[in-house]
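Hi,

Here is the structure I promised to pass on.

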Amino acid sequence: MDQATHEAAAQEKFIDEAIRAAVLVALVDGIISQLEIETLQDIAAGLLGREVERDEIGRLCSIAGQNKIEACNYVLTVSKRWNQPQRVQALQAMFLAATAEGKPSDVKIKTLAKMQKLLDLTDREYEQAIEATLREV
């Protein structure tokens, strides 16, 4: 595999993982609304550059529920191979998922706070990522 093919495959894997992470954050309170599903589709298409069908989001939710996959555990595992820009982009996707319905629940706020440490982001990097996300919305 040449370098360009390897990088493209790694980027596609990251996008899949970032979508899953955003879905898991949306699910931390145990439910997922129609607005959250639509927001996840918008996040995938706009921020991550990949269209995601409603059925795929449903499948990811089912897998997460059946296997009791938690957002923090998932991100801890997959983020080890992410570079710094990918960590920021994934955080932005998770933030948008958590705030899809306006003010996030306490469990979503706590989950986002844990993501800062899991993604090894400084306070400044974390704040800048959230501020950049808010400016783009």
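**What turned up**

W82 is buried, at 4% relative accessibility; buried here means under 20% relative accessible area, exposed over 50%, and partly exposed in between, with a 1.4 Å probe and protein chains only. Before going further, please keep in mind that this is a predicted model, in which local features need pLDDT of at least 70 and side-chain atom pairs count only at pLDDT 80 or more, while totals for chains, interfaces and linings use all residues. Residues are numbered from 1 along each chain as its sequence is written, and side-chain values use heavy atoms, with hydrogens and water left out.

Which residue does W82 pair with? F14 is its partner, in an edge-to-face aromatic pair with 5.3 Å centre to centre and 90 degrees between the planes. For the cut-offs, rings of Phe, Tyr and Trp (its six-membered ring) pair if their centres lie within 6.5 Å, with planes under 30 degrees apart counted as stacked, over 60 as edge-to-face and the rest as tilted. The count by this rule is one aromatic pair. F14 sits in helix α1 (residues 3–27) and W82 in the loop between α4 (71–78) and α5 (84–98), so the pair ties together parts that are 68 residues apart in sequence. Helices are DSSP runs (H or I, at least four residues), numbered from the N terminus. F14 is buried too, with a relative accessible area of 1%.

Now to α1 itself. Among the buried residues of α1 are F14, I15, E17 and A18. The cover over the buried residues of α1 includes α2, α3, α4, α5 and α6, where contact means heavy atoms within 4.5 Å.

Helix α3 (residues 54–67) has 14 residues and reaches 20 Å from its first C-alpha to its last, close to the 20 Å expected. Its buried residues include I57, L60, C61 and A64. They cover an arc of only 100 degrees around the axis, which puts them on the same side of α3; the arc is that of the directions from the helix axis to the C-beta atoms. An α-helix has 3.6 residues a turn, so residues three or four places apart point the same way. The exposed residues D55 and Q66 are on the face of α3 turned away from its buried side. Helices α1 and α2 (34–47) are among what covers the buried residues of α3.

What about the core? The largest nonpolar core has 41 residues, and M94 and M115 touch the most other members. Such a core is a set of buried Ala, Val, Leu, Ile, Met, Phe, Trp, Tyr and Cys residues joined through side-chain atoms within 4.5 Å. α1 gives the largest share of this core, 11 residues. Leaving aside neighbours within four places in sequence, M115 is in contact with V25, A71, C72, V75, L91 and M94.

Two loop residues may interest you as well. K68, in the loop between α3 and α4, has a positive phi of about 50 degrees although it is not a glycine, and K68 is exposed at 67% relative accessibility. D120, in the loop between α6 and α7 (123–136), has a positive phi near 55 degrees and is exposed, with a relative accessible area of 61%.

Best wishes

How values were computed. Expected span 1.5 Å × (residues − 1).
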